[in-house]
Amino acid sequence: MGFVLGLVMGVAVGLLLIVFFIRSENSRSKSRQNLAATIAALSRMTVEDSRKLLPSPYYPSWVVFSHRQKLNWLNSHLTKIWPYVDQAASELIKASVEPILEQYRPIVLSSLKFSKLTLGTVAPQFSGVSIIEGDGDGVTMELEMNWDGNPSIVLDIKTRLGVSLPVQVKDIGFTGVFRLIFKPLVGEFPGFGAVTFSLRKKKKLDLTLKVIGGDISTIPGLSDAIEGMIRDALEDSIMWPVRKVIPILPGDYSDLELKPVGMLEVKLVQAKELTNKDLVGKSDPFAILYVRPTKDRTKTSKTINNQLNPIWNEHFEFIVEDKSTQHLVVKIKDDEGLQAAELIGCAQFELKDLEPGKVKDVWLKLVKDLEVQRDTKNRGQVHLELLYCPLGSDVTNPFASESMTSLEKVFKNGDTENGVSLVPKKRDVIVRGVLSVTVISADDLPAVDLMGKSDPYVVLTMKKCGTRNKTRVVNECLNPVWNQTFDFLVEDGLHEMLILEVWDHDTFGKDYMGRCIMTLTKVILEGEYKDGIPLDGAKSGILNLSLKWAPQPVYRDF
């Protein structure tokens with residue numbers, strides 16, 4: 001009996017062990033399958049997928065996504081043939097660069113030529129290559145190059161005072177990205193008709209200037225003038241969108257050359273909460289704007305003294321050659337008088353984000369350096385109004401091609417009938433009209449009174465002509481409704497600004513709550529629109545407005 005009982009119990013325990021083992025193996029198999037599926041999914045995950053899962057602000061600073069491929073093989077061969085490249089390229093560079101330097105020669109110099117030019121013994125290194133997806137009619141390649149060279153470059157310069165100086169350019173450190181475009185693609189060897197090359201991005205350019213047998217600092221400003229000349233020549237001769245086209249097969253490649261494609265109209269409206277750079281008083285800010293950083297294309301605003309919330313309301317115009325890659329750069333500086341201006345902050349806006357013919361109103365956060373992605377310090381913001389007008393399109397550009405020194409001119413050709421202008425060609429239209437502003441309501445205004453309410457009203461001011469109006473007071477309300485309309489006769493629409501200030505009414509005074517500053521460009525172009533404008537200088541609050549423009553053309557003979 002005991003034997004039978006033991007046998008039954010042994011069989012039962014064995015069966016339990018077998019069941020447990022099978023379940024364990026099935027669980028482990030399922031876990032391995034799930035892990036394999038997860039690894040396979042991760043292997044298929046793209047950079048875009050990872051950015052959807054984890055926003056860029058949460059990436060560690062060391063995480064970098066790159067499509068570039070290494071070029072160790074190219075660097076190895078380039079090092080071997082560099083002595084021959086130096087011999088072949090030195091004379092070519094000397095012949096092609098001298099005319100460019102002469103074009104940018106500082107006024108303090110009477111002549112400038114190379115007396116010696118060799119590229120040295122250190123070959124540049126290409127750290128990566130990437131292929132840029134294009135329109136299918138060509139192949140675009142970008143090469144990142146680093147060069148800490150030891151060239152032997154001597155400039156023979158003469159000053160206006162008759163002094164001759166041999167200036168050595170040494171310790172050149174350069175990092176940049178070169179772009180090669182093989183276009184158009186053709187059906188015969190080598191498969192493309194021309195090669196276009198350009199410097200797509202200049203990340204670093206360091207150099208040292210030294211007078212052979214002397215000190216360059218003995219002539220004040222000479223070192224800065226020569227260094228500025230070299231940088232300007234580089235920017236305007238090879239920096240993208242400037243490009244050099246080298247024909248490979250016979251043909252017309254004029255469409256590959258640099259051409260203007262549009263005009264960028266920029267209204268520098270204001271800035272707010274700028275960092276104070278002065279120990280006594282406040283900063284004296286002015287703005288520098290450019291699309292291409294050459295002297296003839298860089299614009300500078302007027303200086304607003306002792307102000308951290310300046311209002312400029314200045315207009316600037318820039319030529320655009322490649323909307324897809326170019327951007328507008330704004331640098332706000334503090335005027336230090338005879339000393340060099342100190343940078344308060346800078347910002348940039350990519351032109352590809354502009355819709356042709358549509359006014360874009362933007363606030364840009366100022367940072368210390370455009371190359372630094374993360375800057376948590378508050379340096380202020382700059383307010384811009386942007387309008388992109390492609391050349392040869394039907395987009396109406398209200399700004400004249402000349403700089404704005406008087407009333408703006410619009411609709412330059414006047415009205416036409418059957419292709420014949422009804423307005424004499426020597427007449428231009430002045431932007432004059434009636435602006436109707438309806439103050440509809442406000443939302444989420446800050447509480448100013450002790451009881452947690454406010455008694456808000458709005459003061460409307462045309463900055464240039466000084467005309468003022470104000471709404472009625474709405475008692476004890478943080479979401480007031482006015483629905484009041486005011487008409488302003490505007491003589492200079494493209495220079496005028498509308499300032500709306502919200503105040504809290506008190507029996508023995510008033511408290512400032514916030515303001516909105518608006519230009520009239522958008523309403524002039526669109527005729528009528530509604531918008532909710534956030535209040536500046538307030539913790540919260542939106543002012544809901546409706547604007548309408550009724551033009552009254554005035555013709556002036558010249």
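I begin with a definition: a salt bridge here is a side-chain nitrogen of Lys or Arg within 4 Å of a carboxyl oxygen of Asp or Glu. Two remarks on the source belong here as well. This is a predicted model, in which local features need pLDDT of at least 70, side-chain atom pairs count only at pLDDT 80 or more, and totals for chains, interfaces and linings use all residues. Residues are numbered from 1 along each chain as its sequence is written, and side-chain values use heavy atoms, with hydrogens and water left out.

Let me turn to the charged pairs. How many salt bridges does the structure hold? There are eleven salt bridges. One of them joins the side chains of Lys352 and Glu350, at 3.5 Å from N to O. For accessibility, buried means under 20% relative accessible area, exposed over 50%, and partly exposed in between, with a 1.4 Å probe and protein chains only. Lys352 is partly exposed at 48%, and Glu350 is partly exposed at 37%.

A further salt bridge links Lys302 to Glu314, with an N to O distance of 3.5 Å. Lys302 sits in the loop between strand S10 (299–300) and strand S11 (311–320), and Glu314 in strand S11, so this pair ties together parts that are twelve residues apart in sequence. Helices (H or I, at least four residues) and strands (E, at least two) are DSSP runs, numbered from the N terminus. Lys302 is partly exposed, at 40%, whereas Glu314 is buried, at 16%.

The side chains of Asp492 and Lys464 form a salt bridge at 2.4 Å, N to O. Asp492 lies in the loop between strand S23 (481–490) and strand S24 (497–506), and Lys464 in the loop between strand S21 (456–462) and strand S22 (468–470), so the pair ties together parts that are 28 residues apart in sequence. Asp492 is buried, with a relative accessible area of 5%. Finally, a network of salt bridges links Glu142, Arg179 and Arg200.

I now come to the backbone. Most residues other than glycine have a negative phi, and most peptide bonds are trans. Which residues of this model have a positive phi without being glycine? Asp171, with phi near 50°, is found in strand S5 and is partly exposed at 49% relative accessibility. Asn313, with phi near 55°, lies in strand S11 and is buried, at 12%.

There are also cis peptide bonds to report. The bond from Lys183 to Pro184 is cis, with omega near -5°, and Pro184 lies in the loop between S5 and S6. Trp240 and Pro241 are joined by a cis peptide bond as well, with omega about 15°; Pro241 is placed in the loop between H4 and strand S7 (244–247).

My last item is a position on helix H1 (residues 2–44), where Ile18 is found. Ile18 is partly exposed, at 49% relative accessibility.
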